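User: I have a structure open and would like to go through it piece by piece. Can you take my questions as they come?

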Amino acid sequence: HFPRFHHAKVNYATGFYEPVISAKRNAGSSYSIIIATGIKGLDVFYTFDDTNVDEFYPMYKGRPLTIPTGAHHIRARSYRSGQPLGREINLELADLIKRAR
C-alpha cells in the first residue's frame, strides 16, 4: 500500500524504513557497530564522518563494523532502488557504546 499512499500524496509514517544501529562489545575494550532494518530488501549506507549519507557512501553488508579512530558519530540511511527512504539516523558513538550488549 505504501506506493499507493506515495502516489496519492498521503502522509504516512516512514520510521519502519529507518536503520536500527547498535553496538556490540568485542573481546577486550573494543566495540563493533551493527546495523539492521525492519524491512528486508533495503540497502543501508553509512558514514562515520559528519557529512550527510547518500548512496555513494559504503553500503552495509551485514558484518559488524569497526569504529574508525577519532570517529564520534555514525550516520546511516536506507535506500531502495536508489531512492532514500525514511530519515537519516545520526547517533553519537559514545551513547551507543553505553548501551552495548
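Analyst: The answers below go from the overall layout to single residues.

User: Before that, what kind of model is it, and how are the residues numbered?

Analyst: This is a predicted model, with residues numbered from 1 along each chain as its sequence is written. Local features need pLDDT of at least 70, side-chain atom pairs count only at pLDDT 80 or more, totals for chains, interfaces and linings use all residues, and side-chain values use heavy atoms, with hydrogens and water left out.

User: OK. How many helices and strands does the protein chain have?

Analyst: The protein chain has two helices and six strands. Both kinds are DSSP runs numbered from the N terminus: helices are H or I with at least four residues, strands are E with at least two. In sequence order the pattern is α-β-β-β-β-β-β-α.

User: What box do the C-alpha atoms fill?

Analyst: Taken along the principal axes, the box is roughly 50 × 25 × 20 Å.

User: And how much of the protein chain is buried?

Analyst: Of its 101 residues, 30% count as buried. Buried means under 20% relative accessible area, exposed means over 50%, and partly exposed is in between, using a 1.4 Å probe and protein chains only.

User: New topic. How much space lies in the largest pocket?

Analyst: About 260 Å³. A pocket is found on a 1 Å grid over the protein atoms alone: it is an open set of points where a 1.4 Å probe fits, with protein on both sides within 12 Å along at least five of seven lines. The volume is the space filled by probe spheres set on the points, which are joined across faces, edges and corners.

User: Which residues line the largest pocket?

Analyst: The lining consists of Phe2, Pro3, His6, Val10, Tyr12, Thr14, Tyr17, Arg80, Gln83, Pro84, Leu85 and Gly86. A lining residue has an atom within 4 Å of a point.

User: Which element gives the most to that lining?

Analyst: Strand E6 does, with four residues. Helix H1 (2–7) and strand E6 (83–92) each supply at least two.

User: What about the lining by class?

Analyst: There are seven nonpolar, four polar and one charged residues. Here Ala, Val, Leu, Ile, Met, Phe, Trp, Tyr, Cys and Pro count as nonpolar, Asp, Glu, Lys and Arg as charged, and the others, Gly among them, as polar.

User: Val10 is in that list. Where does Val10 lie, and is it buried, exposed or partly exposed?

Analyst: Val10 lies in the loop between H1 and E1. At a relative accessible area of 40%, Val10 is partly exposed. Val10 also forms a nonpolar surface patch with Phe2 and Phe5, with about 230 Å² of accessible area together. Such a patch takes nonpolar side chains (Val, Leu, Ile, Met, Phe, Trp, Tyr) within 5 Å, from residues with over 30% relative accessible area and no salt bridge. The areas come from the Shrake-Rupley method with a 1.4 Å probe.

User: You said salt bridge. How many does the structure hold?

Analyst: Two. A salt bridge is a side-chain nitrogen of Lys or Arg within 4 Å of a carboxyl oxygen of Asp or Glu. In one, Arg87 pairs with Glu18, with the closest N and O atoms 2.8 Å apart. This pair links distant parts of the chain, since Arg87 is in strand E6 and Glu18 is in the loop between H1 and strand E1 (20–25), 69 residues apart.

User: Are Arg87 and Glu18 buried or exposed?

Analyst: Arg87 is exposed, at 53% relative accessible area, whereas Glu18 is buried, at 11%.

User: And the other salt bridge?

Analyst: Arg75 pairs with Glu88, and the closest N and O atoms are 2.8 Å apart. Arg75 is in strand E5 (residues 73–80) and Glu88 in strand E6, 13 residues apart. Arg75 counts as buried at 13% relative accessibility, while Glu88 is partly exposed at 23%.

User: Last topic, backbone angles. Which residues have a positive phi without being a glycine?

Analyst: Among them are Lys9, with a phi of about 60°, and Ser81, with about 55°. Most residues other than glycine have a negative phi. Lys9 lies in the loop between H1 and E1 and is exposed at 75% relative accessibility. Ser81 lies in the loop between E5 and E6 and is exposed at 68%.

Technical notes: Patches are made of residues with over 30% relative accessible area and no salt bridge: like charges are joined within 9 Å, nonpolar side chains (Val, Leu, Ile, Met, Phe, Trp, Tyr) within 5 Å.
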